Amino acid sequence: MPLNRRRLLKLLRGAGLILACWTFVALLFTPQTYTANTRSPTPLTWAQSFWANLVLFYTYAAMTPLALRLGRRFPLGQQRPLHNFAVLFALGFPFAAAHVFVLNYANELLLPSLRNYVPPAPVLALVLNVGAMSVMVYWGIIAVGHAADYFRKYRERELDLARAQLRALKTQLHPHFLFNTLNAVSELVYESPGEADRAITQLSDLLRQSLKTGDAQEVTLKEELDFLEKYVAIQRTLMRERLEVRWDVDDSTLDACVPNMLLQPLVENSIRHGLAPRVGGGLIEIVTRRRGDVLHMRVSDDGPGLPRRAGRGAYVPKSDSTGLGLANTRERLRHLYDGAHRFELGETPGGGLTVSVAIPFREKEAGEEEGASG
């Protein structure tokens, strides 16, 4: 989305929020205005009471951006709080005077039909009746603006912390993956130089694709599966074709956004802790499905599964059996989705380990590629 259009939409949303808030306040004060005029010789109707309040509070709405700008220009934070308070205090009186002027003009322009009900108030009466209220509203707007700014800064700090933690987790994951792969390749160098050379070439292709995604926290599922296919090709070379992989991918899930390197640690865990130690190797099945607004992914193997507690059927997810990859993936999902996800370990029917992941389904929006990394 172009920057100018995005900025325009942001301004329109802000203006809509301001009008909605002051409309709500006008509704709250309408019964008071209606009741106060019931004993008048020409009492106001409900519609006239609401219209009179709209004129009053929409003049505040028109001046709200000015008060918010002053509050941001002179924040009551740690730097020069007394100086900024003095400036805002002094500016409150011109603000109130300007509001009285705008309100008087708005009354003359928009309330001519109510002249028979409410006689026009002199400017001095407006100053006395509305001036103090204008000062209070001025400080209320500044307080709301400061609260919104503090909340936004708090959220930004939370997001920055989450991003930093995710980067730390990813920097742990890449060396872990490279160490395991290079260690396996080194065992082939003397036994089968040709296969070792092929594995190194495949690893080079894999790293090249990994560099394309850079520091992106999310990629499309199609990109993730392309990366995973290259990783599986390396492992099939290292395991001398003892590894079989079955892909069951729903085409409607390919454009979904998923965490970068989400599935590779799950497959690596199945190979390293389940299938590689077995003479006959084994099978890994990768399944993706979309159910409503949820993306479901499953990585299953027919290995020995997780150890069981003696005398019971429950699994014992020890750190040495689940490995760094699963622990890392669990932490990344927790930081990215804050509980709006599911990560479960279970038994594969017939024996083995199944890792199930469910995350909110979201497709990459137009223009998101530019901000995907970093």
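**Exercise 1. Classify Cys257 as buried or exposed.**

Step 1: take the cut-offs. Buried means under 20% relative accessible area, exposed over 50%, and partly exposed in between (1.4 Å probe, protein chains only).
Step 2: apply them. Cys257 has 2% relative accessibility, so this residue counts as buried. Cys21 has a relative accessible area of 43% and is partly exposed.

The model is predicted: local features need pLDDT of at least 70, side-chain atom pairs count only at pLDDT 80 or more, and totals for chains, interfaces and linings use all residues. Residues are numbered from 1 along each chain as its sequence is written, and side-chain values use heavy atoms, leaving out hydrogens and water.

**Exercise 2. State how many disulfides a search of the whole structure finds.**

Step 1: a disulfide is a pair of cysteine sulfur atoms within 2.5 Å.
Step 2: the search returns zero.

**Exercise 3. Count the aromatic pairs, then classify Tyr138 and Trp139.**

Step 1: rings of Phe, Tyr and Trp (its six-membered ring) pair if their centres lie within 6.5 Å; planes under 30 degrees apart are stacked, over 60 edge-to-face, the rest tilted.
Step 2: the count is 10 aromatic pairs.
Step 3: the ring centres of Tyr138 and Trp139 are 5.5 Å apart and the planes stand at 75 degrees, so this pair is edge-to-face.
Step 4: check burial. Tyr138 is buried at 0%; Trp139 is partly exposed at 22%.
Step 5: Tyr138 and Trp139 belong to one aromatic cluster with Phe85, Phe89, Phe93 and Phe95.

**Exercise 4. Find which ring lies under the charged end of Arg290.**

Step 1: a charge sits over a ring if NZ of Lys or CZ of Arg is within 6 Å of the ring centre and within 35 degrees of the ring normal.
Step 2: the ring is that of Phe361, with its centre 3.8 Å away.
Step 3: Arg73 lies over the face of Phe74, 4.9 Å from the ring centre.
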